[in-house]
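Subject: Structure handover

Hello,

Here is the structure I promised to pass on. Please open it and keep it beside you as you read.

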Amino acid sequence: MQANHIINAIHQNIRPLRDEEHAEASLNELSELELVFSIIGIDFLQGSPGGLYQHSTQAYALEQVLIGLSVLEQARMKPQTLEIAQALFISALETLQEVGIETQGDPQFQQFIQCACAEIAQFLASNDTKSSQSAFATSLRLGQSVLSSFLKNGIILSIPQGIPPQDRLTTYPLLVQKSGLHLLQLLLKNGQARQCMTLEAQDRITQAALSVLLEYPGLLHHQPGLPGLVDKVLDIATKANRIELFPVLLSMVLEQCTQNLYHVWDLESQEDNLLLNALEQILQVVPQEVQNGARRPLLSRTQFLDLLSDLLDQTVQNPALVSDYVNDKSMLSEVLKLTFQSLDGVPREHRLRWEMVEMLIHLNFRAALTSKAVLEKITWGKNGTSQPILANILDLVVEATFSQSRVVGGEKLKLLQDIFEFVMEGIVAEYPNRLGLVLVQMLLSPQSGLNFAEGFNHALAERMLQACLVLCSQHPQLVENDEERQRLFEGVIDAVTQAGIKQPGLLSDMMELVLLKTADNLDLQVENTGGQSEYLLVSALRETLAVLGADAPTGRWKPRFTPEHLVQLTEFSLDEVVQNPAWITDTLNGKTLLREALDVTFRVLQKVPAGQRLNSTAVEYLLDIVFRSVSRSKKLLEPQGEEKTGLSILEQVLNYVLNAVFPPSEGAAVDKPQLLIDLLEYVFDNILNENPDKSGLALVELLFSDAVGIDFSKGFEKNTIEELMEAAMVSFSEQPELVRGKRTLIEIMEEMSPAIHVLNADFPQIGPKIVQLFLTRNSIIPGIFKTQSKDLFVGIEALTQFTEALAMERQHGRWLKELTLEQVLELIEYLISCCDDNPDFAQNNYVFKVLDAILSSVDKKADKLQNSTVLIQILSEHLLLTIVEHDELLHELQLNSDSKVEMGVNYLIEQFFELLGRLDKNTQKLIMQMPSVEIVLNHYLDEVEEYDLITSTAINRAIGKIQKIMDRFALGDLNFEEMMGEFGFEEPE
């Protein structure tokens, strides 16, 4: 194996001044140092493939090591030179073997190897180590590690190709001196720093230092430059009692300098190094242990270093954190201090995760950078303490999070994160001032009603924030006036508490509502029952919730509202009060109008039968109607009666409406909510709107009275109801006694009720039409006549007799059901007209007798007569007035010599039917058509009435005359038109 070139290389590089004739050397000619190098070098190259070849990469790298270490041969300064040379040579060869062949072949790296070996060897040889062998050993070990670090990281060297080789050789020694030898010297002097310096840390520092010097070559000649930076980092770590972190702190600072040197370091002044200033402030503020019994976040080494790295990054990105001062401290220091002070308030049993601490710091930095105003001190709280706005905000967040006893463990930590993010991003970022602090207080105060038991409700918090913001924006004085804000909040809380409504989120909903409404009406205040001034809407809220939350009496029903409907009802109530403060300022029966209206409404609702409940939408509409109506006239709330102790118009009307919609016995299927709406709208908007007094109440009583008999289970017949009410209004205006007289319209109508109910069985909804007929003709009062038992009304008595006659069961059943609605109404209208002209018309059961006679006669001949119902109508209309003139027809007539007698009216009708029955079918069909039968009947009655006294003879003669005319028609002497002419019919011209 050829190794002469190795020996020669060592010989030549250790003895570069030998004569040419001694250029070749053998082992017995080498010095002790050369021999050591030779043995080590041969071992090294033998372990490397191709290493024994003279021109191999390894051989060139070895040659650079030898050239560098040759300073030891030249110096011959100390007895330990051989140990230094051997140690460095071994360290260099091992490291080169580690970095690989490709790295060793780099020309620039080979030049760096030479310089690194020479500078470190010379430093160690010149270092004073006589005092201790252990000190020398430490020095030697550190020298080896520094050399190893340089050789491992030297590959990063990239000196521009334009620099001549000789300049590179000038630069490389400076690189080693500035980046490594000063650190080596510092470690030798500082045992604590040396103990915490690991090989990994040294490699990282070396790489970072080389990178900085190569990126910024000016530092090679700058004083104090990089050595001064190293010293400062050590000083900072020592003062902070964190010397164990010195290596990593130094590497962090160097790495930041690599990318941002001119951004973070004014080279003219070591004091203006942004990174060093930031590092010093961070180490002074970030807590290391529990203080004052509080449990600040205890960060692990890894967490602390991550935080430190992140803070340095933020400092580089935002130099203002260090350069800008507030409260005699940099923003960086102040924000960190405030953040960790606030975390002192976290209970001991809760340990904050590192990610959360980092998040808190990030958000606080963002707020401070957005506006330094958030760090300005203000006087705050009852004690009047002065501290930065941010500190107060952080205290509020921590207190709000950890004062909720129903949230436990990790849920509270999640709550803290959610609240903090919302506060910092949603409030402080936009309002870094006292307004922001006030908004946070209003939002997070337990008085706001936000319940964190189930976490943080972002949507609700956003709504509440907007409400607070609207209030404070429109009334800036509230930002400074803590007492006024407190009074507003406490008023809402008191109103909700007294209501006793157990509904989650109610307080926050009510608070949001009042804040929004109060924003436009802050100046509206009233005196409460305690004699103190109170916001108008707080009082309105109190009155509203007191009714909505009150329990119904035992056995009574009360509507239950969803949260949404409860808010809607309350909002509607508040809106009404805003539009008309008299709802609160005016009183009635010792209560506000609002309370009275609500009490009345819900008192009536309690009467709704079980199983027929109103939904919340219908209740809301009912309140809408009530508020609207009482706003128009508070007379609706005034008690009625002579002593003013009766029910108010409002309560009576609501009773009528609810009873109609929910009768004791369930009627036919109907959309009850819609029926309720229809009735409420009509009654309040069409009746009470124009008549908010006894007249209106009388109209409502009429509408819902049994006498009228409207069946609301069939729905809302608007046209029928409107016609009835119009007629009633006219009657009331012309006959006020119908409202205020001794016998009111309702009392009078009660006498009509039996007849109407009988007629309703066959003609539903006929009641309103009958009443309308009476009212339209003003036929109620003028027809009074007296009997032994009571005063009767002619029209009502006539209607009663009419109904009794028509409703009787006869041979062919009840003739009432055979008539049409129109026929019945025409007959009733005719009866009423008769009553108008003849006040005594219905005495002595006159109407019944006549109709009974007609119906009895028709019933007997029904099988032989066509169109019987037409006959009933015509006979009724014509005979009633005839018999008024000839009451003898209501008595018995002597019919023949056999003393046979019969009631005159019966004989009169039956003779007429006998005549019609004798006609052939065709003739009868012609005669029985309208108007033929009416023409014939009129002629018949006219013939009978020719006599002063109607007897059977007069009737028979009249029948005989008619028979003769009909016989002529049957024989063909007369056509039909001529026959009708004989009966008195005249063709119109």
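Below is what was found, topic by topic.

First, some ground rules. This is a predicted model, in which local features need pLDDT of at least 70 and side-chain atom pairs count only at pLDDT 80 or more, while totals for chains, interfaces and linings use all residues. Residues are numbered from 1 along each chain as its sequence is written, and side-chain values use heavy atoms, with hydrogens and water left out.

**Salt bridges**

Side chains of opposite charge can pair when their charged atoms come close. A salt bridge here is a side-chain nitrogen of Lys or Arg within 4 Å of a carboxyl oxygen of Asp or Glu. The whole structure holds 30 of them.

One joins Glu534 and Arg542, at 2.2 Å from N to O. Glu534 is buried, at 7% relative accessible area. Arg542 is buried too, at 17%. (Buried means under 20% relative accessible area, exposed over 50%, and partly exposed in between, with a 1.4 Å probe and protein chains only.)

Another pairs Asp685 with Arg628, at 3.2 Å from N to O. Asp685 sits in helix 31 (residues 672-688) and Arg628 in helix 29 (residues 616-632), so the pair ties together parts 57 residues apart in sequence. Helices (H or I, at least four residues) and strands (E, at least two) are DSSP runs, numbered from the N terminus. Asp685 is partly exposed at 25%, and Arg628 is partly exposed at 28%.

Lys718 and Glu722 also form a salt bridge, with their closest N and O atoms 3.9 Å apart. Both lie in helix 33 (residues 718-734), four residues apart, or about one turn of the helix.

Salt bridges link Glu543, Lys591, Arg595, Glu596 and Asp599.

**Helix 41**

What should the span of helix 41 be, at 1.5 Å a residue? Its 18 residues (868-885) should span 26 Å, and the end C-alpha atoms are 26 Å apart, which agrees. The expected span is 1.5 Å times one less than the number of residues. Helix 41 has a kink of about 30°, centred on Leu879. The bend at a residue is the angle between axes fitted to the seven residues ending there and the seven starting there.

**One buried serine**

Ser952 belongs to helix 45 (residues 952-971). Ser952 is buried, with a relative accessible area of 6%. Leaving aside neighbours within four places in sequence, Ser952 is in contact (heavy atoms within 4.5 Å) with Leu893, Gln894, Leu895 and Tyr907.

**Backbone details**

Met930 and Pro931 are joined by a cis peptide bond, with omega about 5°. Pro931 is in the loop between helix 43 (921-927) and helix 44 (932-944).

Asn241 is not a glycine, yet its phi is positive, near 60°. Where is Asn241 found? In the loop between helix 11 (225-239) and helix 12 (246-264). Asn241 counts as exposed, at 60% relative accessibility.

Asn327 also has a positive phi, of about 55°, without being a glycine. Asn327 lies in the loop between strand 1 (325-326) and strand 2 (329-330). At 27% relative accessibility, Asn327 is partly exposed.

Best wishes
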